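This briefing looks at how some strands pair in one protein model. Please have the sequence and the structure open while reading.

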Amino acid sequence: MNNQEAEAPLTPTLSPGHAGGEGARRADLLARLDVRTSERAQASLLRRARTVDHADGPWLEVDGCRLLGFCSNDYLGLAQHPQPIAAFKRVADDEGVGSTSAHLVCGHRREHAMLEEALAEWTGRERALLFSTGYAANLGALQALLGGVEDAVCVQDKLNHACLIDGAQLASAELKRYPHADVGGAARQLRSRPQAPALLATDGVFSMDGDVAPLRELATLAANEGATLMVDDAHGLGVLGEHGAGSVMAAGLSTREVPVLMATLGKALGCAGAFVAGSAALIEGLTQFARPFVYSTAMPPALAAAALAAVQIAREDDARRDKLAALVARFRRGAGELGLPLMASDTPIQPLLLGDADTALAAALRLETQGLLVTAIRPPTVPAGQARLRITLSAAHEEEHVDRLLDALAALRLPAAGAMRTGPL
């Protein structure tokens, strides 16, 4: 999710609680939250989780219907691969379900150590450190790097994932954002604080737009300005680069040029969790000061074993990446022939930009009636006026699946590229 969550402050609802001064009463926080939720509902922006009863590759059973899904981040189709499943079962049988404590108490098991070593080797780094989630990894890394650093500044792409934004704010660093993928804008922000210790942070692949950051240019800028470059490669690892080592490797950048790399285990690897990789000094520092690592229960050892099996497959099975790339090309070619409002992306994230939230919701609902599950992404996850269908492709899909999606999209008569509809379909 992009950081579009900031909202204007609301007038607080007062309750007859304890006075906070002459005639003053405390705001009722639950009532305030209820007002905010109601306002989101009235704007057709309410979020709701849907229960998936069963998954079978790209097929999902939802509310008694069998739907072909184009909304998961299982890019390599490893979430149900027999090898990670077997590794999970084997270690669960031997070690049980939970790790029982944080890594620094007694939760760090052999499986965690083996996974960290494999991730470091894969990404060309000295060491790696596991976190329970990608959100926790980014919060921990930014808090450790920026927290307590007087006058620190964090410069970020405006479309970075929310957890990078939150990490800078948690660390109490000055957050300065630049227009999406605008290296000149990043330079201006850094040069506005020439003496400040600076972290330049960017997504490798942007989760809602699917495009790749200008990493080589950002690395050059960081070097020239004495800033530390951090890349969140959640959506690049396993998909881009030689043997799937990610967007940083694809750009030909080293640990020296990109000292801080974060990626997740829950997308192309089909598991859950995340890691930060870099120099031994970085990982030792995070071990001491990254609070989400220090104070969180370690992921189950069985999950670490499954992720290790997934890493081995992702590194060795280039055929999965080749198939995925072919499916992406097939979809883009078909969408182009149909004149669909497809955003510029060569990754498995293929957004159709539709404009307003009602149009995107209506399109998603009509696709569902045709047996296809595609997510409508609306504000505040994306900027106002940029609601979209976020279509994601997987190596678990087949060519006929892509063709079925294209046929369904053609039947919707979506606005042509360059035009955005402002009413119901």
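In which sense do strand 13 and strand 16 pair, and over how many bridges? Strand 13 and strand 16 (residues 387-392) are paired in the antiparallel sense, over six bridges. The model is predicted: local features need pLDDT of at least 70, side-chain atom pairs count only at pLDDT 80 or more, and totals for chains, interfaces and linings use all residues. Residues are numbered from 1 along each chain as its sequence is written, and side-chain values use heavy atoms, with hydrogens and water left out.

**Terms**
- Strands are DSSP runs (E, at least two residues), numbered from the N terminus.
- Two strands pair if DSSP finds at least two bridges between them.

**The sheet with strands 13, 16 and 15**
- Three strands in the order 13-16-15 form an open sheet with antiparallel pairing.
- Strand 13 (349-355) and strand 15 (375-377) are at the edges and have a single partner strand each, so one side of each is left without a neighbour in the sheet.
- Within strand 13 and strand 16, isoleucine 349 stands opposite threonine 392.

**Strands 3 and 4**
- Strand 3 (residues 52-56) and strand 4 (residues 59-62) run antiparallel and are joined by four bridges.
- Histidine 54 has glutamate 61 of strand 4 opposite.
- The hairpin of these strands has two residues between them, and glycine 57 takes a positive phi near 65 degrees.

**Strands 4 and 5**
- Strand 4 pairs with strand 5 (residues 65-69) in the antiparallel sense over four bridges.
- Tryptophan 59 is opposite leucine 68 in strand 5.
- Two residues lie between the strands of this hairpin, and aspartate 63 in the turn has a positive phi of about 55 degrees.
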